[in-house]
Amino acid sequence: MNYRHAFHAGNFADVVKHWVLTLCIARLTQKPAPLRVIDLFAGRGLYDFSAEEARRSPEWRAGIGRLWALHAGGLGNPLAESMNDYLDAVARLNPDGQLRFYPGSPALALAMLRPCDRLTAIEAHPEEMAALKAAFGGDSRLNALEQDGWNAGPKMVPPPERRGLVLIDPPFEAKGDDERLLATASAIARKWPGGTQILWRPVKDRREEAALDAEWRLSGIRSMWRVTLQVDHLKEGQGLRAAALYLVRPPFEVMARIGETLPALSELLGQGPGFGSEIVEVTPE
Ligand SMILES: C[S@@+](CC[C@H](N)C(=O)[O-])C[C@H]1O[C@@H](n2cnc3c(N)ncnc32)[C@H](O)[C@@H]1O
């Protein structure tokens, strides 16, 4: 378990993932009934761009850094406005307007959940878990557990609230993570057919991604969408250039909101002529 998200926090893939997470939570909190977010690979929750990891690997500059510049430009930018909840959560951590702190998925969830809602955050790395507890342990809505997310996921659903979402955001450094993703998401969908899921996956090869779509179609999961954002042509050995989110049972209107904003976002985050985006209905209702 060598992966440290601090080297990647706020990069283009985090921007898309975190924006979509805030869209889903915003929609789910419109109904009064309590809900639960289950974050199976939570990380430390709070990242500092002045820390050693981000200085050695300033990926955030081509991610949240670009969006922050639009946001800081003031009112009226349509792209920044369509990402309001996400950018507001980042802004609350940086009240002086200088972008230094960045919220990971548990921090974004806590920023948006109401007093009646709950967050279960699973993290296997002891240091990341200790940092998560140090930053947010005092929040009574949070249940932070040092466990294996793959194993814990299916056991955690359905939650007592029977409403909410599961985020599956593994490091994707271990062999077999695609198989684990398929098996875990399928088990969660079987045990909790009404639950929303957001799954993250790096894209190194678009043909491999299409082959995975075919496997999802055989999985029995209904109402699944894929949202892919690519910042340039894919080339081996060039680092991460594309990432996909799979949304299972996205809340009402979330796909429409993503569709309205994704092309402009991919233009903003583009790093070369091969940038682009795609939304695919992988399985129907
Ligand atoms: C991509 S990062 C998570 C980022 C976080 N979801 C966010 O958006 O801010 C993946 C995290 O999973 C943790 N991890 C790795 N293997 C795990 C496992 N088997 N179960 C739970 N957490 C694991 C890593 O320590 C790392 O913090």
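Okay, before anything else: when I say two strands pair, I mean that DSSP finds at least two bridges between them. Also keep in mind that this is a predicted model.

So, the sheet. We have an open sheet of eight strands with mixed pairing, and the order goes E5-E4-E1-E6-E7-E9-E8-E10. Who sits at the edges? That's strand E5, residues 142–145, and strand E10, residues 276–283, and each of them pairs on one side only. On average, neighbouring strands here are turned by 15° against each other, if you ignore direction. A quick reminder: strands in a sheet pair through backbone hydrogen bonds, and they can do that parallel or antiparallel.

Let's zoom in on one pair. Strand E6, residues 164–168, and strand E7, residues 196–202, run parallel, with four bridges joining them. For example, Leu 167 has Ile 198 in E7 as its bridge partner. Helix H9 packs on the sheet here, touching E6, E7 and strand E9, which covers 242–248. The direction of H9 makes about 175° with that of E7.

H9 spans residues 177–191, and Asp 178 is in it. Now take Asp 178 and Val 254: they're 76 residues apart in sequence, and 25 Å apart in space, going C-alpha to C-alpha.

Last stop, the ligand. It has 20 residues around it, and the closest are Phe 41, Gly 104, Ser 105, Ala 124 and Gly 149. Sort that shell by class and you get nine nonpolar, six polar and five charged residues.

Note on methods
Residues numbered from 1 in each chain as written. Predicted model: local features only at pLDDT ≥ 70, side-chain atom pairs only at ≥ 80, totals over all residues. Near = placed C-beta within 6 Å. Nonpolar A, V, L, I, M, F, W, Y, C, P; charged D, E, K, R; others polar. Helix = DSSP H or I, 4+ residues; strand = E, 2+ residues; numbered from the N terminus. Axes fitted to C-alpha atoms, helices over the stretch in contact; angles between N-to-C directions. Contact = placed C-beta atoms within 7 Å.
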